[in-house]
Amino acid sequence: MVWSKGYKELLNLLRDHQKELAGLEVDLYGSGEDSDQVHEAAEKLELAVRVHPGRDHADFEFHDYKVFLNPSTTDVVCTTTAEALAMGKIVVCANHPSNEFFKQFPNCRTYDNSDEFVKLTQQALAEQPAQLTDAQRHELSWEAATERFLRAAELEQSLTRKLSKAPSKNFMSTSLNLRSNMDSASAYVHLAASGFEVTRKFFGAIPRSLQPDEEQCKELGLAMPAGKRGSGK
């Protein structure tokens, strides 16, 4: 719970429109360095705004809520908004590039100003969320997010080209059916990225550690990598 996560924007909106939103009850969740200040600001409002400690996003506490208010504009794509939409909730969020992806979903309502925020919040409370289609649910899954990441980074094509040229025996054997055999989509991203020197260094790997060196080959009983075989003496 830090101010930059949208708490300040939300409390300001509620403060400026307390009369229009009379009767609204809001629960804020989060733990962090600004928790005490957020709690103090919430207590000054006439609206019922309760501040709770942070909980896991999948906590049953969140299942009965119908509307998620998220005015934050500091995230590239907000995970909590994606999760709320995937749970079938109506989301009221700012019309901002960070929320562009979510506009395709019928339960996402975006506002340009505070008056629209009030109007959309009132409508959301009075309506029932639209049922998600299977295609929409897939778009909100981690699997689909991973697929978009791979397309954007062009890792999928690079990995396919690399596998087609790979010899039958590698230091780390990789199945051509890699995607179907992965336990999770995130594991696929990790393995795909780990096959390239640039991304390995990004994730903290030691430079030039992609292939085993001469000493490692001797210890593991592996064939010496091409270009590393020394002349016999």
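Reader: How many residues in the lining of the largest pocket are nonpolar, polar and charged?

Author: In this predicted model, the lining has 19 nonpolar, 10 polar and 8 charged residues.

Reader: How much space lies in the largest pocket?

Author: About 1100 Å³. Rolling a probe the size of a water molecule over the atoms shows where empty space is left.

Reader: Why is the set around Leu-11 and Leu-14 called a nonpolar core?

Author: The name applies because its members are buried residues of the nonpolar kinds, joined through side-chain atoms within 4.5 Å. This largest core has 26 residues, and Leu-11, Leu-14, Leu-28, Val-49, Val-92 and Phe-117 have the most contacts inside it. Two or more residues come from each of α1 (7–16), β1 (25–29), α2 (35–43), β3 (67–70), β4 (90–94) and α4 (114–126). The largest share, 5 residues, comes from α1.

Reader: Which residues does Leu-28 touch, not counting those up to four places away in sequence?

Author: Leu-28 touches Met-1, Tyr-7, Leu-10, Leu-11, Val-38, Val-49, Arg-50, Val-51 and His-52.

Reader: Which residues does the second core include?

Author: That separate core of 10 residues includes Ala-84, Val-91, Cys-93 and Leu-140.

Definitions and conventions:
Residues numbered from 1 in each chain as written. Predicted model: local features only at pLDDT ≥ 70, side-chain atom pairs only at ≥ 80, totals over all residues. Heavy atoms only, no water. Buried < 20%, exposed > 50% of the residue type's maximum accessible area, 1.4 Å probe, protein only. Helix = DSSP H or I, 4+ residues; strand = E, 2+ residues; numbered from the N terminus. Contact = heavy atoms within 4.5 Å. 1 Å grid on protein atoms, 1.4 Å probe; cavity = no way out; pocket = protein on both sides within 12 Å on 5 of 7 lines; lining within 4 Å. Points joined across faces, edges and corners; volume = space filled by probe spheres on them. Nonpolar A, V, L, I, M, F, W, Y, C, P; charged D, E, K, R; others polar.
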